[in-house]
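Subject: Structure for your review

Dear colleague,

Please find the structure below, together with its sequence. My notes on selected helices follow it.

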Amino acid sequence: MSIGMVLLTVAAIFVFFGVAQRVLDRMYLSDRAALLLIALMFFGTLLPNLNFGNVQISIGGGLIPLGICIFLLVRAGTNKERIRAIFGSLLTAGIVYTVSTFFLPDEPEQLPFDPMYLNGVIAGLVAYAFGRSRRGAFICGVLGVMLADIAVAVVNRMNGIQQTLVIGGAGAFDAMVISGLLAVVLAELVGEILERISRGNRAPVHSHIKHPLKGRDR
């Protein structure tokens, strides 16, 4: 089982036990919808890719994540948030492409780990910085990795390297899962810490509206 599938399994467990409820609320997803999407991504990677000539797209690793990003863009509160998410995705893709092309060795065996994992971590950190919100961070993380993978294939094609582009293929799928989850977790943790710091020692604000039945004799 790849690291992407392991992380999806862990995410499903958190969702099932209600740990991720606050994050899901910010992303306009219910528990059932989140579990369904995780299942579609998990089992969709086992299905044959959709073939479009020299381009293939994985159902679980490409089509479903792209659909989630489009859904979040449509549901974004403002055009400013949409523009920031799209711009952040392009920046994330650019940084991931630059690091993977100019700073990582040509032979993956020279690293003690899969370089796609590092791409996922880098994309997650950059996506959080540019995405800011939970929705924006997820979009930047997933689309950033996807666009960087496409950019590599385009440059290879321009250099005469003929190869089939698989959107959401094995390594890219793992990187997208790492990036998306890391970006969202950072946005949640940092957001919670900043909220507690701004609140200080003040107790949470409670409603001053009294319940009409409170205090009545039964």
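Which residues of H6 are buried? In this predicted model, they are Pro 115, Asn 119, Gly 120, Ile 122, Ala 123, Gly 124, Val 126, Ala 127 and Gly 131. Helix H6 covers residues 115-131, and its 17 residues reach 23 Å from the first C-alpha to the last, close to the 24 Å expected at 1.5 Å a residue. Arg 132 follows H6 and has a positive phi, near 65 degrees.

H6 packs with helix H5 (residues 79-103): their axes come within 9 Å and cross at roughly 150 degrees. Because angles over 145 degrees count as roughly antiparallel, H5 is roughly antiparallel to H6. The crossing of H5 past H6 is right-handed. From H5, the contact is made by Arg 84, Gly 88, Leu 91, Thr 92, Ile 95, Val 96, Val 99 and Ser 100; from H6, by Asn 119, Ile 122, Ala 123, Val 126, Ala 127, Phe 130 and Gly 131. These residues divide into 9 nonpolar, 5 polar and 1 charged.

A second pair is formed by helix H1 (residues 3-16) and helix H3 (residues 31-44), whose axes come within 10 Å and cross at roughly 165 degrees. That angle makes H1 roughly antiparallel to H3. Here the crossing is left-handed. Met 5, Leu 8, Thr 9, Ala 11, Ala 12, Val 15 and Phe 16 of H1 meet Asp 31, Ala 34, Leu 35, Ile 38, Met 41 and Phe 42 of H3. The contact of H1 with H3 comprises 11 nonpolar residues, 1 polar and 1 charged.

Yours sincerely

Conventions:
Residues numbered from 1 in each chain as written. Predicted model: local features only at pLDDT ≥ 70, side-chain atom pairs only at ≥ 80, totals over all residues. Heavy atoms only, no water. Axes fitted to C-alpha atoms, helices over the stretch in contact; angles between N-to-C directions. Helix = DSSP H or I, 4+ residues; strand = E, 2+ residues; numbered from the N terminus. Parallel < 35°, antiparallel > 145°, perpendicular 65-115°, else oblique. Left-handed = near helix turned anticlockwise from the far one by under 90°. Contact = heavy atoms within 4.5 Å. Nonpolar A, V, L, I, M, F, W, Y, C, P; charged D, E, K, R; others polar. Expected span 1.5 Å × (residues − 1). Buried < 20%, exposed > 50% of the residue type's maximum accessible area, 1.4 Å probe, protein only.
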